[in-house]
Amino acid sequence: MLERLNQALDHIEERLGGDLDPAELARIATTSEYHFRRLFSALAGMPLSEYVRRRRLTVAGAEVLAGERTLLEIAVRHGYGSGEAFARAFRAVHGVGPGEARRTGAALRSQPRISFRLVVEGNSTMRYRVVEKKDLRVVGRRARVPLVHEGENPAIAAHIRSLGQETIARLARLSDQEPRGVVSAVVHLSDSREEGAELDYWHAVVSDAEVPEEFEVLDVPAGTWAVFENEGPYPRALQYLWRDIFTQWFPSNPYASRPGPEFMSIHPAEDWSTARTELWIPVEHTAA
C-alpha cells in the first residue's frame with residue numbers, strides 16, 4: 001500500500017503544472033478516490049488539495065526568485081488563469097506577493113515533497129471486529145459542526161447540552177440493536193478531514209422502533225463496519241484512535257473506508273477524565 005501511495009505522489013510531482021485528477025491518483029494507489037483522500041489526509045496531516053497547492057506554490061516561489069520568467073508565465077505554468085489569481089494564492093502561502101518577493105528577495109515558505117515510509121513501533125495492539133449490518137436507521141437530533149482535531153469540540157458539547165437529560169433519556173429507550181445505547185454518529189460532508197471542515201453530528205440511537213416526532217431519522221443502507229475498542233484519557237485516547245486507524249490499521253489490512261456514518265459509543269468515568277469507547281468505521285473489503 002505505501003509503495004502505491006508513493007507512486008501516486010510521484011504522479012503529483014510530474015504534473016504540478018497541469019491538471020491533477022484525484023481519480024487517477026486513486027487508480028495508481030489501487031483504491032477508491034474516497035479512501036485515497038481520507039487516507040492521504042490522515043497520513044499527511046493535510047487534505048490532498050492543500051498539499052498540491054502548497055507544492056505548486058513552493059515550486060513557483062523558486063521560479064519567482066530565480067527571475068528567469070515573467071510572473072504571468074509562472075502563473076500559467078502552475079495552472080493559474082490570471083496573474084491576480086496567482087498573486088492571491090501566492091500571498092496566502094508565502095505571506096507576500098510574487099512581485100514584492102522578486103523585488104526584495106523575501107524569504108518564502110517551502111512545502112517539502114512528502115513520501116510515506118513504514119515505521120515499526122510495536123507498542124500497541126488494536127482490538128477490532130468486523131460487523132455486517134442490514135439497512136438501519138439513525139434516530140436522534142443532528143447539528144452541523146466543524147471538525148476539531150484536538151480537545152473538546154465546543155459545537156458538539158453545546159448541541160448535547162441543548163438536548164437536555166430528559167430528551168436523551170427518551171432517546172436511549174429507543175435503542176434496540178448494535179451499536180447499543182445513545183451514540184455519536186458522524187457524517188462527513190467531504191472527503192477531507194481538514195480542521196474546520198463541516199460535518200453532520202447526530203446524538204442518536206440505532207433503532208427500528210416507531211419514531212416520535214421530536215426526533216429526526218437518517219436511513220443508512222446495509223454495509224460493513226470495522227468496530228474498534230479503546231480505553232484511556234478522554235478525549236485524547238479517542239482522537240489518537242482515529243489517527244491510528246487511518247495511519248496504521250488501514251495500511252495493514254485488506255479494507256478501505258467508504259462513505260457512511262461513523263458511530264462512537266462512549267462510556268465515561270464519573271468525572272469524564274477517562275472513558276471506554278467503541279468506534280464504528282464504515283469499510284469495504286479490498287482485493288488482497
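Let's start at Arg 56: apart from its neighbours within four places in sequence, this residue is in contact with Arg 15, Leu 16, Gly 18, Asp 19, Leu 20 and His 78, where contact means heavy atoms within 4.5 Å. Before going on, know that this is a predicted model, in which local features need pLDDT of at least 70 and side-chain atom pairs count only at pLDDT 80 or more, while totals for chains, interfaces and linings use all residues. Residues are numbered from 1 along each chain as its sequence is written, and side-chain values use heavy atoms, with hydrogens and water left out.

Back to Arg 56, which has its place in helix H4 (residues 48–66). Helices here are DSSP runs (H or I) of at least four residues and strands are DSSP runs (E) of at least two, numbered from the N terminus. Arg 56 counts as buried because its relative accessibility is 16%; the cut-offs are under 20% relative accessible area for buried, over 50% for exposed, and partly exposed in between, using a 1.4 Å probe and protein chains only.

A salt bridge is a side-chain nitrogen of Lys or Arg within 4 Å of a carboxyl oxygen of Asp or Glu. Searching the whole structure turns up 18 of these salt bridges. Arg 15 makes one with Glu 14, at 3.0 Å from N to O. Arg 15 is partly exposed, at 34% relative accessible area, while Glu 14 counts as exposed at 60%.

Glu 50 pairs with Arg 53, and their closest N and O atoms are 3.0 Å apart. Both residues lie in H4, 3 residues apart, which is about one turn of the helix. Glu 50 counts as buried at 17% relative accessibility, and Arg 53 is partly exposed at 27%.

Now for a pair that reaches across the sequence. The side chains of Arg 144 and Glu 198 meet in a salt bridge of 3.8 Å, N to O. Arg 144 is in strand E2 (residues 136–146) and Glu 198 is in strand E4 (residues 198–206), so this pair ties together parts that are 54 residues apart in sequence. The pair belongs to a network of salt bridges with shared partners, which joins Arg 142, Arg 144, Glu 198, Asp 200 and Glu 216. Glu 198 itself is partly exposed, with a relative accessible area of 48%.

What about the aromatic rings? The whole structure holds 13 aromatic pairs. Rings of Phe, Tyr and Trp (its six-membered ring) pair if their centres lie within 6.5 Å; planes under 30 degrees apart count as stacked, over 60 as edge-to-face, and the rest as tilted. Take Tyr 128 and Trp 249, an edge-to-face pair at 5.1 Å centre to centre, with 70° between the planes. Tyr 128 lies in strand E1 (residues 127–133) and Trp 249 in helix H10 (residues 236–252), so the pair ties together parts 121 residues apart in sequence. Is Trp 249 buried or exposed? Trp 249 is buried, because its relative accessible area is 4%. Trp 249 also pairs with Tyr 255: the ring centres are 5.6 Å apart and the planes are at 20°, so this pair is stacked. Tyr 255 counts as buried at 16% relative accessibility, whereas Tyr 128 is partly exposed at 39%. Ring pairs link these residues into a cluster made up of Tyr 128, Phe 228, Phe 246, Trp 249, Phe 250 and Tyr 255.

Leu 5, Ala 8 and Leu 9 of H1 make the contact with Phe 36, Leu 39, Phe 40 and Leu 43 of H3.

Finally, find Val 96 in the loop between helix H6 (83–94) and helix H7 (98–104). Val 96 is buried, with a relative accessible area of 7%.
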